[in-house]
Amino acid sequence: MDHSLTSAERLRLKRREAELLQKINRLRKAMNETRELNTLAFKSKLLKEAQEELSRVQEKLSGARQNPD
């Protein structure tokens with residue numbers, strides 16, 4: 001079964017990876033500046049979701065690196 005990604009798919013994943021890394025950094029900064037617990041809980045949930053998606057994107061990219069076009 002071929003798990004390699006096309007150039008367009010790799011480019012899309014790399015862009016999404018960069019977006020997620022920026023989002024995670026913004027959320028971490030916002031969490032450090034926030035004192036309200038309900039806001040922290042919400043931002044923490046968003047951070048966890050972004051980290052999980054980033055992990056999936058990076059896993060796909062690493063699999064593609066092992067099986068180049």
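Predicted model: local features only at pLDDT ≥ 70, side-chain atom pairs only at ≥ 80, totals over all residues.
**View 1**
Start with the big picture. The chain has 69 residues, and 22% of them count as buried.

**View 2. Helix H1, from end to end.**
H1 runs over residues 7-33. From the first C-alpha to the last, its 27 residues reach 39 Å, close to the 39 Å expected at 1.5 Å a residue. Which residues of H1 are buried? They are Leu-13, Glu-17, Leu-20, Ile-24, Leu-27, Ala-30 and Met-31. Here's a handy rule for reading that list: an α-helix has 3.6 residues a turn, so residues three or four places apart point the same way.

**View 3. The largest nonpolar core, with eleven residues.**
Zoom in on the core and you'll find Leu-5, Leu-13, Leu-20, Ile-24, Leu-27, Met-31, Leu-47, Ala-50, Leu-54, Val-57 and Leu-61. Helix H1 and helix H2 (37-66) each supply at least two residues of this core. As a bit of background, nonpolar side chains in soluble globular proteins tend to be buried together.

**View 4. Leu-13 and its contacts.**
Leu-13 is one of the buried residues of H1 and also one of the core residues. What does Leu-13 touch, if you skip residues up to four places away in sequence? The list is Leu-5, Val-57, Lys-60 and Leu-61. Leu-5, Val-57 and Leu-61 are core residues as well. Look also for Gln-58, which is found in helix H2. Gln-58 and Leu-13 are 45 residues apart along the chain, yet 8.1 Å separates their C-alpha atoms. Gln-58 counts as partly exposed because its relative accessibility is 32%, which falls between the 20% and 50% cut-offs.

**View 5. Thr-34, in the loop between H1 and H2.**
Ala-30 itself is among the buried residues of H1. Leaving out residues up to four places away in sequence, Thr-34 touches Thr-39, Leu-40 and Lys-43.

Note on methods. Residues numbered from 1 in each chain as written. Heavy atoms only, no water. Buried < 20%, exposed > 50% of the residue type's maximum accessible area, 1.4 Å probe, protein only. Core = buried A, V, L, I, M, F, W, Y, C linked by side-chain atoms within 4.5 Å. Helix = DSSP H or I, 4+ residues; strand = E, 2+ residues; numbered from the N terminus. Contact = heavy atoms within 4.5 Å. Expected span 1.5 Å × (residues − 1).
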